[in-house]
Amino acid sequence: MKLTHIIPLVSLATAVYAAPQSFDFKDPKGVNNAVFKLDAPLESINGSASGVTGTVSFDPENPAATTGKIVIAAESLTVPNPMQKEHLHSANWLDVTKYPEITFEAKSLANVKTEANATTADATGTFTLHGVSKEITVPIKLTYLKDKLSARVPNLKGDLLVIRANFTINREDFNIQKGQYEDKVSPTIDLSLSIAGAAVTQADVSATK
Amino acid sequence: MKKSLRILALLAVAVTAITWIATGADRGWTKTSKDIKTLDEVTGIEGITHKPTFIAGVDFLALGFGGAVVLFGASFIFRKPSNKPNTNQTQTKHKPNQQLNQPLNHKQKI
């Protein structure tokens with residue numbers, strides 16, 4: 001094979017290798033979750049959501065270029081008290097029938113710091129809740145776990161990307177009972193996201209066939 | 001009926017208190033599930049599963065005790081059935097007392 005033929009092949013292979021990977025956050029293990037906490041007089045309202053999906057484009061060589069969208073099914077939000085859950089899903093609060101998705105679409109990263117396989121950054125993007133979209137910046141931590149997918153899902157080989165984020169939103173910014181029940185339910189909501197996405201490598205997909 | 005309602009009220013208090021204590025004496029709201037956290041060793045994420053569990057809260061206590069108060073209060077609606085004593089007999093019984101009292105009063109006056 002002539003050198004003129006090899007060079008394009010090598011450059012193509014390098015380009016494929018260096019291309020950002022797409023991580024799918026639909027977790028077959030059901031571990032991905034978002035936790036929310038609101039202060040209330042008797043006890044804080046602690047709940048979680050498990051219906052996490054979405055994709056994130058991540059390049060281990062260039063974490064600063066990370067973009068993506070995480071979607072949480074509003075219906076999957078749950079609290080231990082059945083009456084509170086009913087209220088939470090109702091038209092007066094989240095109105096999950098009308099607004100079935102809570103999303104965060106990351107557009108850019110700032111203050112990116114990478115150490116070993118972990119990257120911390122401030123992600124700026126659009127957070128949509130209760131039909132209201134608002135641009136927010138949240139501190140995130142990305143952990144890239146190369147070739148660890150098979151450890152979670154047998155017969156699949158690939159990489160994992162773990163995203164963690166802790167931030168606070170104000171329910172009034174999203175027209176959720178604006179100015180109402182502030183003595184009963186805090187207007188601020190603490191959110192904590194712990195999710196893992198998988199990028200199945202092309203070679204491994206063929207291996208599983 | 002009066003006695004039955006009072007026994008029911010007592011039972012309601014007992015059952016409520018025992019259930020509340022037995023399910024952990026939780027001072028928050030009643031819960032029908034409990035979060036179980038499991039660590040995913042590969043990713044380090046704590047997954048949350050919801051185990052159906054009844055945990056009685058203060059609202060359960062209030063409901064139970066409130067019900068007991070209502071039952072106890074309702075018991076006062078029902079009067080104790082009277083034996084309908086003979087009015088003549090009672091009068092004859094009281095007469096001697098009155099007669100006994102009269103001389104005493106008379107003595108006091110003296």
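How many helices and how many strands does chain B have? Chain B of this predicted model has three helices and two strands. Select chain B and follow the chain along its sequence: the elements come in the pattern α-β-β-α-α. Of the 110 residues in chain B, 13% are buried. Among the contacts in chain B between residues at least 6 apart in sequence, 71% join residues at least 24 apart.

**The helix pair**

Next, select residues 2–22 of chain B, which form helix H1, together with residues 58–74 of chain B, which form helix H2. Their axes are 8 Å apart, and the two helices pack at an angle of about 170 degrees. Angles over 145 degrees count as roughly antiparallel, so H1(B) and H2(B) are roughly antiparallel to each other.

To view this contact, display the side chains. On H1(B), the residues that meet H2(B) include Leu5(B), Ala9(B), Val13(B) and Trp20(B). On H2(B), the residues that meet H1(B) include Phe60(B), Gly64(B), Ala68(B) and Phe72(B). Taken together, the residues of this contact comprise 14 nonpolar, three polar and one charged.

**The side that touches chain A**

Now display chain A as well. The contact between the chains takes 18 residues from chain B and 19 residues from chain A. On the side of chain B, select strand E1 (31–39) and strand E2 (46–55), the elements that give two or more residues to the contact. E1(B) provides the largest share of that side, five residues. Coloured by residue type, the side of chain B that touches chain A shows five nonpolar, eight polar and five charged residues.

Methods
Residues are numbered from 1 along each chain as its sequence is written. Chains are lettered from A and ligands numbered from 1 in the order in which they are written. This is a predicted model: local features need pLDDT of at least 70, side-chain atom pairs count only at pLDDT 80 or more; totals for chains, interfaces and linings use all residues. Axes are lines fitted to C-alpha atoms, for helices over the stretch in contact, and angles run from 0 to 180 degrees between N-to-C directions. Helices (H or I, at least four residues) and strands (E, at least two) are DSSP runs, numbered from the N terminus. Angles under 35 degrees count as roughly parallel, over 145 as roughly antiparallel, 65 to 115 as roughly perpendicular and the rest as oblique. Two residues are in contact if their C-beta atoms, placed from the backbone, lie within 7 Å. Ala, Val, Leu, Ile, Met, Phe, Trp, Tyr, Cys and Pro count as nonpolar, Asp, Glu, Lys and Arg as charged, and the others, Gly among them, as polar. A residue is buried if 20 or more other C-beta atoms lie within 10 Å of its own, exposed if 12 or fewer, and partly exposed in between; C-beta atoms are placed from the backbone.
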